[in-house]
Amino acid sequence: MAFLSTHTINKIAEDVNNLGFYKIENFLKKDTVDKVIGMFPKEKPKDKELKIKIPVHFYSFIIKLFKLQFRLFFTGIYLLNLKRKLNCDKIMEKVQSKNCKLVSMDIVYNPKSDEPIKKWHADQLHNFNGKDKSIYKFFIYLTPTSTNNGCLAYIKKSNILSNTIADLMFRGALPKEVVYTLKQYSNFVSRKEVRDKILQNKNANDIDLNEVINSVNKINNNPSTNELDIQIKNSGDCLLFDETGMHRGAQSKQDRYVLRFLYQNINN
Ligand SMILES: [Fe+2]
């Protein structure tokens with residue numbers, strides 16, 4: 001397990017809040033990576049994603065026992081313990097607050113594919129939940145990724161743009177429209193009345209949102225670009241990111257395995 005100094009945890013929090021993401025190298029050791037890969041079933045679908053939700057809350061553990069799903073029960077206990085050893089709660093306390101809680105965890109398998117695992121999108125905005133409903137994902141890669149090979153791409157600081165839009169929608173200053181795909185997002189922020197409202201709004205981090213809107217439009221003109229790829233050299237590396245920002249999962253030349261811990265601020 002990587003030892004993270006207070007200095008590193010501060011840097012993680014700063015980058016996740018300002019840029020939208022941080023890559024934590026060597027988060028998991030090789031033997032733990034192998035152990036988690038061993039939790040996937042031997043038989044997997046050849047042409048679609050397999051996502052296995054692992055119990056997090058007390059009642060879901062009880063339900064697993066009633067259903068005699070002992071494997072999921074013990075996987076849940078193991079992963080909750082792993083999350084504790086990895087200091088995920090401590091990291092999230094720094095990123096958000098004590099009210100940011102683990103809401104879900106899963107293991108995800110994606111077979112190799114010529115199509116993007118997930119096209120450009122921003123999660124949460126279409127939910128109209130208002131301010132700071134961000135979900136933060138510890139995306140722990142159990143297999144390495146690279147360009148055109150399962151890696152994530154992220155438009156820097158688009159998390160702040162999204163949170164500004166969510167806040168303005170919540171306050172009724174912007175229309176509550178479905179803004180999910182890159183095209184919807186780019187069209188929305190390019191409308192003069194929307195752009196003006198966004199730029200008039202002072203964000204806490206003092207980020208130049210005009211620059212972010214320009215980046216969104218640039219990527220919208222060339223969505224297959226690889227210039228924003230975040231490559232993962234080693235299995236066990238983790239990308240912690242705010243999923244309200246605009247991101248994409250590339251196509252993959254090999255099967256991809258991921259362990260995910262999802263956190264949300266439950267107070268908002
Ligand atoms: Fe997403």
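1. Burial and overall form. In this predicted model, 37% of the 268 residues of the protein count as buried. The radius of gyration is 19 Å, which agrees with the value near 18 Å that a compact globule of 268 residues would have. Along the principal axes, the C-alpha trace spans about 55 × 40 × 40 Å.

2. Secondary structure and contacts. The protein contains 9 helices and 10 strands. Where contacts join residues at least 6 apart in sequence, 86% of them link residues at least 24 apart.

3. The sheet. Six strands form an open sheet with antiparallel pairing, in the order β1-β8-β5-β10-β3-β2. The edges are taken by β1 (21-24) and β2 (50-54); each has a single partner strand, so one side of each is left without a neighbour in the sheet. On average, and with direction ignored, neighbouring strands of this sheet are turned by 20 degrees against each other.

4. Pairing of β5 and β10. Within the sheet, β5 (residues 135-141) pairs with β10 (residues 256-265) in the antiparallel sense, over 7 bridges. Lys137 stands opposite Leu262 in β10.

5. The nonpolar core. In soluble globular proteins, nonpolar side chains tend to be buried together. Here the largest nonpolar core has 66 residues, and Phe139, Ile140 and Leu240 touch the most other members. When residues up to four places away in sequence are not counted, Ile140 touches Phe27, Leu28, Cys238, Val258 and Leu259.

6. Gly245. This residue is found in the loop between β8 (238-242) and β9 (247-249). Is Gly245 buried or exposed? A residue counts as buried if 20 or more other C-beta atoms lie within 10 Å of its own; Gly245 has 25 within that distance and is therefore buried.

7. Surroundings of Gly245. Leaving aside neighbours within four places in sequence, Gly245 is in contact with Gly20, Ala122, Tyr154, Ile155, Ser158, Asn159 and Ser162. Gly245 and Leu125 are 120 residues apart in sequence, and their C-alpha atoms are 9.5 Å apart in space.

Notes. Residues are numbered from 1 along each chain as its sequence is written. This is a predicted model: local features need pLDDT of at least 70, side-chain atom pairs count only at pLDDT 80 or more; totals for chains, interfaces and linings use all residues. Helices (H or I, at least four residues) and strands (E, at least two) are DSSP runs, numbered from the N terminus. A residue is buried if 20 or more other C-beta atoms lie within 10 Å of its own, exposed if 12 or fewer, and partly exposed in between; C-beta atoms are placed from the backbone. Two residues are in contact if their C-beta atoms, placed from the backbone, lie within 7 Å. Two strands pair if DSSP finds at least two bridges between them. Axes are lines fitted to C-alpha atoms, for helices over the stretch in contact, and angles run from 0 to 180 degrees between N-to-C directions. The radius of gyration is taken over C-alpha atoms; the globule rule is 2.2 Å times the number of residues to the power 0.38. A nonpolar core is a set of buried Ala, Val, Leu, Ile, Met, Phe, Trp, Tyr and Cys residues joined through C-beta atoms within 7 Å.
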